[in-house]
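Reader: I am new to this structure. Please show it to me, and then I will ask about it.

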Amino acid sequence: MKEIVLSSSVDLTEGGCNACGIVKSVCYTLLVNGREIALDGLSVHTVVMTIVLTEGWKQSFEVQMMDEFTLFTKGAHQVKLIEAYDQFIYEGHKTIECSNKINEVNQLFNQVEEILRELFEVDNYVFKLSDAMASK
């Protein structure tokens, strides 16, 4: 089993003028196969995308007559991602609908594991929180 470790850091910066206060910015990273990868926010899609791209999947954005979607391919295998308002639909040999934002990290990991296992046939990962995040 490969281990994926989620960590976060917090930056506090000033807004730049007298009216602006201090702004809190949380940055998330995944440690995957010995590589730290910065996430563009913590969501189901960003974690799924990061893992499948490290597994050798290719990502493309497809535009058809009335549809636009993200297509993940690896060999003959394809998974389509359709984005609706905070609802994501993953279509492969089956369909999984989920909310993109899940505030509870363990629920997020469970949703990501289901998508990886059922659609991308990737099930050899174990998700963990960094020591700093686990102690919060």
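Reader: How many disulfides does a search of the whole structure find?

Author: This is a predicted model, where local features need pLDDT of at least 70, side-chain atom pairs count only at pLDDT 80 or more, and totals for chains, interfaces and linings use all residues. Residues are numbered from 1 along each chain as its sequence is written, and side-chain values use heavy atoms, without hydrogens and water. A disulfide is a pair of cysteine sulfur atoms within 2.5 Å. For the whole structure, the number found is zero.

Reader: Is Cys98 buried or exposed?

Author: Buried means under 20% relative accessible area, exposed over 50%, and partly exposed in between (1.4 Å probe, protein chains only). Cys98 has a relative accessible area of 3%, so Cys98 is buried.

Reader: Which class does Cys27 fall in?

Author: Take its relative accessibility, 32%. Cys27 therefore counts as partly exposed.

Reader: Which residues does His45 touch?

Author: His45 sits in helix 1. At 13% relative accessibility, His45 is buried. Contact means heavy atoms within 4.5 Å. Leaving out residues up to four places away in sequence, His45 touches Phe72, Leu81, Phe88, Tyr90 and Asn100.

Reader: At what angle do the axes of helix 1 and helix 2 cross?

Author: Helices are DSSP runs (H or I, at least four residues), numbered from the N terminus. Axes are lines fitted to C-alpha atoms over the stretch in contact, with angles from 0 to 180 degrees between N-to-C directions. Helix 1 (residues 44-54) and helix 2 (residues 105-118) have axes that come within 10 Å and cross at roughly 45 degrees.

Notes: Helices (H or I, at least four residues) and strands (E, at least two) are DSSP runs, numbered from the N terminus.
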